Structure formats: structure tokens, C-alpha cells
Amino acid sequence: MTATLSNTQQPNTADYGGDEISALVLDPGYSVTRAGFAGEDVPKSVIPSFYGVVPSVSGPKHLYGENAVHTPLANIQIGNPISQSGVVEDWDTATQLWEYAITSRLTNTKPSNPLTNGLNDKTNDLKQEMEGVETQERPLDENPLLMSETGWNTGKGREKLIEIAMENWGSPAFWLARSGVLSAFSAGKASALVIDVGAASTSITPVHDGLMLKKGTLRCPLAGNYISDQLRLVFSAAQPSVPLNPHYLINSKTPVDAGAPSQANYRTFPAGTEPYPSFRALQEERILTEFKESVVAVWSPGRLGGHNQQGGTNLDSARTQNARPFEMPDGYNQLFGVERYRATESLFDAKMALSDASHPAPSPNQTLPQMIAHSLSQVDVDIRPHLLGNVVVVGGSSLIYGFSERLKQELEAMYPGPRVRIFAPGSVVERKFSSWIGGSILASLGTFHQMWISKKEYDEHGPGIVEKRCK
């Protein structure tokens with residue numbers, strides 16, 4: 001049996017795919033899956049991690065891609081193979097979704113069977129010639145694959161990923177990297193405290209010399225979807241309540257004054273063909289995402305529930321700030337003032353959370369400042385100042401106006417001694433796709449070729465090799 005390659009031993013070109021073939025980088029998330037070629041600036045394939053399910057004669061049919069999940073087909077329902085914690089729950093669907101992300105924009109799909117494509121007469125000769133050919137065509141026969149994973153992925157989950165790459169897709173080489181480490185690399189840092197505020201969860205990942213410090217890696221559910229839930233509570237508590245009718249329900253609308261009831265003509269569906277509630281929930285989330293991008297902000301200086309230097313409350317100060325307008329798909333429009341700060345304040349101050357029976361308030365330990373403090377308490381005291389001097393902020397939900405400034409303020413209040421430096425890319429692309437960009441940088445390095453797990457090594461050692469090699 002051949003021994004595992006050492007870090008100084010150059011592998012055979014055939015083992016890892018060679019210089020001529022570009023490696024692929026796949027970065028799956030709860031909301032979006034990103035795929036592209038290593039060495040490029042942005043992923044060419046960006047698709048929703050959600051999928052549609054519609055009934056058909058042969059049984060439920062799965063639909064993937066942007067258009068599929070946003071078209072109100074008859075009886076469509078929406079699913080997601082990844083749980084809110086970022087762990088894969090439905091491996092079969094996840095495999096199909098990721099394969100679609102790769103083959104739809106990056107590589108060719110499998111050729112259709114000539115016996116069934118309607119272009120050839122059915123003959124026994126052709127049938128014999130085609131035996132076994134379709135099974136040989138696999139999407140990654142020529143491309144090494146680097147995949148990202150959460151810092152809390154399980155050992156079984158890691159082994160399943162290399163199985164999919166090697167056995168389902170035929171990849172000649174594979175590597176698995178922690179998304180927090182890749183985000184640090186995208187910022188040009190080997191050591192950093194990475195704060196990733198995504199859709200379903202926020203993660204705190206201390207990275208030292210290119211390795212994730214597992215003890216200090218934490219996650220909590222206070223992220224983009226949590227802010228959406230806070231907005232729903234803000235809208236329902238308003239007088240009158242703010243309607244949330246998605247675009248697909250609106251046939252036409254008439255302009256109305258701010259705060260006036262909407263005057264819209266609503267679409268109706270034949271009985272028994274309406275999209276499922278899961279479809280509506282996804283469309284409502286699109287409205288809330290637009291609202292977060294254009295209206296919502298994080299309050300600073302100080303906490304929204306605290307007092308300012310003049311002796312008044314920050315809530316009163318927030319009411320004097322310029323309100324921002326927003327129009328709903330049905331034409332309802334309003335100016336939003338202090339409400340735009342309420343939805344995000346509980347990320348930092350649990351006492352300001354809105355709650356009801358289905359949306360319980362978070363505990364103080366789940367707020368960002370407390371999570372960061374707990375994460376730093378788990379790492380060596382000597383490297384804490386270095387981590388605080390290299391705080392990397394990434395994730396789509398961190399783009400909310402004022403987020404980085406408030407985070408810096410909270411950290412400086414907790415750690416007055418060391419210098420706190422926040423690195424938050426100004427580019428939307430770099431913030432949203434940070435872990436993919438880090439993977440693109442890593443997989444394109446000439447020195448990285450000796451790191452790949454080759455198909456030959458996988459065949460000799462089995463899927464367990466990923467635990468030994470990908471730390």
C-alpha cells in the first residue's frame with residue numbers, strides 16, 4: 001500500500017489533475033450556493049440553495065435555479081436540503097443541487113441517451129454500443145474540486161462530501177476547507193477573527209496561522225433570517241399593520257399616498273393549484289431582503305435602549321433621524337423612522353428584541369458581543385490582541401448600514417486595552433462571496449498542488465482520509 005503523500009513530496013500529475021486543468025471551487029450555503037473556477041475573481045454560478053417541488057405523472061419533480069424557485073407554478077412547494085444550522089439534511093437533493101450549480105454554468109451536462117433523444121432509430125446495434133457509456137460521463141472527470149464547509153461540520157458529513165466528489169462526480173482530486181479560514185484568506189490574512197453574518201446563522205471563527213481554532217468556533221441563529229422575523233413583528237405591531245403581499249400575487253396597483261391602504265388588483269389561482277405556503281414564505285423573504293438592503297440600519301453611537309450625552313434617550317434621537325421611504329409590491333408605501341433600527345438592535349442588545357409565541361427573544365449570551373467574548377476566552381491569551389487587531393467581517397447580512405461601525409464600538413467597549421481593527425470589504429461581492437474567493441485564491445496557488453487528496457489516495461484509504469488530511 002502506498003503511503004500518504006507528505007507535504008514536501010510533489011505528487012504525480014495524473015494524481016491531482018495537473019496544471020492545465022482549472023480546479024473548481026464549490027461554496028454551499030443555506031441561502032445561496034456559489035461555484036466557479038479557481039483563480040477567478042467571482043463565482044460564475046450563483047444559484048439559490050432552495051429548490052422547487054412540483055407534482056408530475058412520474059412523481060414529485062425537483063426544480064433548481066433562480067427561475068424555478070420564483071415562478072408560481074401549480075402546487076409548487078419550496079424545500080432546502082441544508083438545515084438552518086448549515087448542516088446537510090437531505091444528501092440526495094443536495095448532491096443534485098450542487099451538480100446543477102456546476103453543470104449549468106461551468107461544465108457540460110451528461111449527454112442524453114441516443115436511444116431516447118428522438119434523433120436515432122432504435123436498433124440493437126446502437127443499444128449494444130451505448131451500454132455503459134452514460135455511466136462513464138461524470139461532471140468532474142477532469143476538474144479537481146475544493147469545497148467549503150462550516151466549522152461545526154460532523155466527521156460523517158465530511159466523509160460524505162468526499163464520497164460525492166470522488167464517486168458521484170468522478171473528480172480526480174479533492175480538498176475540504178473551513179469557510180472561516182477561506183474568508184480570512186480572502187482578506188489576505190493567515191490569522192484573524194472571522195465574523196460571518198449569513199442568512200440562517202452567524203459564526204465566529206478564530207483563525208491562527210491558517211488553521212481554525214475549533215474551541216473558539218461558535219455559531220448562533222441571530223442572522224439575516226432573524227432580522228427578517230424582527231421586521232415581521234415590527235410590521236404586525238404597526239398601526240395600521242404593514243401588508244406583506246409578494247409580487248406574484250399582484251396583477252396591477254394604483255398609486256396611493258404614504259400610509260394609505262393599498263389599492264391593488266390581486267391574482268387568483270384555480271382551486272387546487274395554489275402554490276404552497278413555503279413558496280409564499282420565500283417570496284416574502286425577497287421583499288424583506290430588499291427592505292433590509294435599502295431601509296434597515298444599525299444604531300450608533302451607544303445602544304438604542306441607552307442614553308445619549310445630552311441626557312436624553314437614543315430612542316428619542318433615532319426618532320429625529322431622517323426616515324426612509326419604502327413601497328411594497330401592492331403599492332402600500334410608508335416612511336420608516338425608528339423602526340429601521342429596531343430590527344437589528346437585538347443583535348447587540350437582547351433586551352431590545354421583539355418577540356411573540358413563535359419568535360422567542362434571544363438570550364443575552366446569543367448576542368454578537370457576548371459570542372465574540374466567549375470565543376476569545378477559549379483561545380490562548382497571547383493571541384487575543386492579534387485577533388482583535390484582525391477582525392474580518394463578512395456575510396451578506398453584515399452589509400446592513402452601520403453594522404461594522406457598531407461592532408467596532410462594542411468591541412472597543414469590551415476590550416479597551418488592545419487596538420481593535422475591523423476589516424470589512426467595501427465591495428458587496430467580496431463581502432457576500434468571501435469564502436468562495438478565499439477558496440479560489442487557495443486552489444490556484446502553485447504550492448497548493450501538493451495538498452490535494454488524489455483519487456488514488458481515496459481508493460487506498462477510503463473517505464476517512466479527509467479527517468486526517470483536511471484539518
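Tutor: One definition comes first: a helix axis here is a line fitted to C-alpha atoms, taken over the stretch in contact. Keep in mind that the model is predicted. The helix to follow is α16, which covers residues 434-444.

Start with how much of α16 is hidden. A residue counts as buried when its relative accessible area is under 20%. By that cut-off 9 of the 11 residues of α16 are buried, so this helix is largely enclosed by the rest of the structure. The buried ones are S434, S435, W436, I437, G438, G439, S440, L442 and A443. The elements covering them include the strands β1, β2, β7 and β17, together with the helices α7 and α15.

Take α7 next, which spans residues 179-186. Its axis comes within 7 Å of the axis of α16, and the two cross at roughly 75°. An angle like that makes α7 roughly perpendicular to α16. On the α7 side, the contact uses S179, L182, S183, F185 and S186. On the α16 side, it uses S434, S435, I437, G438, G439, I441 and L442. Sorted by class, the contact has 5 nonpolar residues, 7 polar ones and no charged ones. Several α16 residues in this contact are also buried, among them S434, G438 and L442.

Side chains of opposite charge can pair when their charged atoms come close. In β7, look at E149. Its side chain meets that of R158 in a salt bridge, with N and O 2.8 Å apart. E149 also forms a salt bridge with R178, where the closest N and O atoms are 3.4 Å apart. E149 lies in strand β7 and R178 in strand β8, so this pair ties together parts that are 29 residues apart in sequence.

D27 is buried at 2% relative accessibility, and R34 is buried at 12%. In the whole structure, a search finds 19 salt bridges.

For comparison, look at another helix pair. The axes of α12 (residues 368-377) and α14 (residues 403-414) come within 10 Å and cross at roughly 55°. This makes α12 oblique to α14, and the crossing is right-handed. From α12 the contact takes L368, P369, I372 and A373, and from α14 it takes F403, L407, E410, L411 and M414. By class these residues are 8 nonpolar, no polar and 1 charged. E410 belongs to a network of salt bridges that also links R303, E345, D349, K351 and R406.

To return to the helix you asked about: α16 is largely enclosed, and its contact with α7 has no charged residues.

Terms used
Residues are numbered from 1 along each chain as its sequence is written. This is a predicted model: local features need pLDDT of at least 70, side-chain atom pairs count only at pLDDT 80 or more; totals for chains, interfaces and linings use all residues. Side-chain values use heavy atoms; hydrogens and water are left out. A salt bridge is a side-chain nitrogen of Lys or Arg within 4 Å of a carboxyl oxygen of Asp or Glu. Buried means under 20% relative accessible area, exposed over 50%, partly exposed in between (1.4 Å probe, protein chains only). Helices (H or I, at least four residues) and strands (E, at least two) are DSSP runs, numbered from the N terminus. Axes are lines fitted to C-alpha atoms, for helices over the stretch in contact, and angles run from 0 to 180 degrees between N-to-C directions. Angles under 35 degrees count as roughly parallel, over 145 as roughly antiparallel, 65 to 115 as roughly perpendicular and the rest as oblique. A crossing is left-handed if the near helix is turned anticlockwise from the far one by less than a right angle, and right-handed if clockwise. Contact means heavy atoms within 4.5 Å. Ala, Val, Leu, Ile, Met, Phe, Trp, Tyr, Cys and Pro count as nonpolar, Asp, Glu, Lys and Arg as charged, and the others, Gly among them, as polar.
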